[in-house]
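Work through the exercises below with the model open beside you. Try each task before you read its solution.

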Amino acid sequence: MRRILVAAAGALALALGALAAPAGAVVFSGGPITIPVQGNGNPYPSQIVVGNLTGAVTNVTVTINGFSHTFPSDVRMLLVGPSGQTVNLMSGVGGGTDVTNATLVFSQAAPGTVPTPIVSGTYRPTPTIAFNGGPPAPAGPYGASLAIFNGTIPNGTWRLFVFDGANLDSGSIAGWSLDITTNGPAIGSFAPTTGAAGTQVVITGTNLAGATGVSFGGTAATQFTVVSPTQITATVPPGAQSGPITVTTPNGTATSGTPFQTTPAPTITALSPASGRVGTQVTITGTNLTGATQVSFNGIPATGVAVASPTQLTATVPTGAGAGTVTVTTPGGTASSPSPFTVSHSRRVSLSLSRTRARGSVTAVDGFTKCSQQVAVRVQRRVSGSWRTVGSDITDGNGRYSVGNVRTAGRYRAVAVRQTLSSGDVCSRKASASARQSR
Ligand SMILES: [Ca+2]
């Protein structure tokens, strides 16, 4: 229904969209509004609740979608921000020419105002007459520039009051939205999304410049680098639990929408047995052992590692291992045993007798040379049913010993005595086969 006959058909909805929203703008959408023949729109106002933005507003654009009316100059639109600032977006504009399903973007940076007749486009607010809607719309005077919102806090309820100021002719709005840009930080994404302490994480977002702090699950990162206003690299701190990442700048604190998952550090609580030879299978009990990539005995990688459960794994004492701390390395870190594992080293002792001397060597079966070199050897003769030491020596760098005093006829043997080294390694006692000296 039109009060004035106009030949033109409804304006074409031209998608001009020349002014893209600034980088980092966040869009919030509101629902449809019915515009009656005369009076307040329904709802009055239409509301958009904005939350979780940081910092202060630096730009707001408003989009009116699906605007239709048979006499658009009847329409008044007032936007009210959460702190009470107002902008008369469009009142008394468009004359009597039908507008059908137009998209009107209000941006203070647009070059022009809403034209008559109305076509889709991006425009500055165009209040050609006063907004004189009643409560609950606030009383005037009203702002005419969207810059009035700059510097305000964006979070809260934004209200759009629409009403029809003249009889006859009605219309509708399909929906509306706010594109809000702030100077506050925001986190868009981060990678990787899981990791252990020490993992470097790339955080991508906006307004990250000047960051003074980064945290993972509430634990402050001690190392982070602001690469650019849109990127920070940060290292997951020790002890961090799974949880959101935050970035704090002088303009606020951004919180990631999803948690960073930390890989928990492993622990070792017990070794069973706590001592043994090379080749012994040891059961290691602890926590967070899943995914163990290496088990070491005093720095020597174990063989036969098998993870039975998150709290238990087995490993075999490797050749070359000495006494010392057992470590388990998982993606979450490296755990050390609370007490050392003791390695006992089996030995072989050879003996040959000349007319005057007993000679031979000590060999560590597992190759652990500290149990063959510089170790004590006693040479003994069998006397009246027991072994009596006739001489002793310390082996040389090749494990060899040499003892005199074997001229007396009888049975002899050489004994490498049990020794516990300062490292905790145990060199097992071993006697050679006996040999006979005959005169
Ligand atoms: Ca009307």
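**Exercise 1: Placing Thr363**

Thr363 belongs to strand E35, which covers residues 358-364. The model is predicted.

Task: Decide whether Thr363 is buried or exposed.

Solution. Start with the cut-off: a residue is buried if 20 or more other C-beta atoms lie within 10 Å of its own. Then take the count. Thr363 has 20 C-beta neighbours inside 10 Å, so Thr363 counts as buried.

Task: Find which residues Thr363 touches, not counting those up to four places away in sequence.

Solution. Set aside residues up to four places away in sequence; Thr363 then touches Arg347, Arg348, Ser372 and Gly399. Next, look at Ser350. Ser350 and Thr363 are 13 residues apart along the chain. Their C-alpha atoms are separated by 8.6 Å.

**Exercise 2: Checking confidence**

Task: State the average pLDDT of the chain, then find what the pLDDT is over residues 1-21.

Solution. The chain averages a pLDDT of 92, and 95% of the residues score at least 70. Turn to residues 1-21: there the pLDDT is below 50. In the model this stretch has 48 contacts beyond near neighbours in sequence.

Note on methods: Residues are numbered from 1 along each chain as its sequence is written. This is a predicted model: local features need pLDDT of at least 70, side-chain atom pairs count only at pLDDT 80 or more; totals for chains, interfaces and linings use all residues. Helices (H or I, at least four residues) and strands (E, at least two) are DSSP runs, numbered from the N terminus. A residue is buried if 20 or more other C-beta atoms lie within 10 Å of its own, exposed if 12 or fewer, and partly exposed in between; C-beta atoms are placed from the backbone. Two residues are in contact if their C-beta atoms, placed from the backbone, lie within 7 Å. pLDDT is the predictor's confidence in each residue, from 0 to 100.
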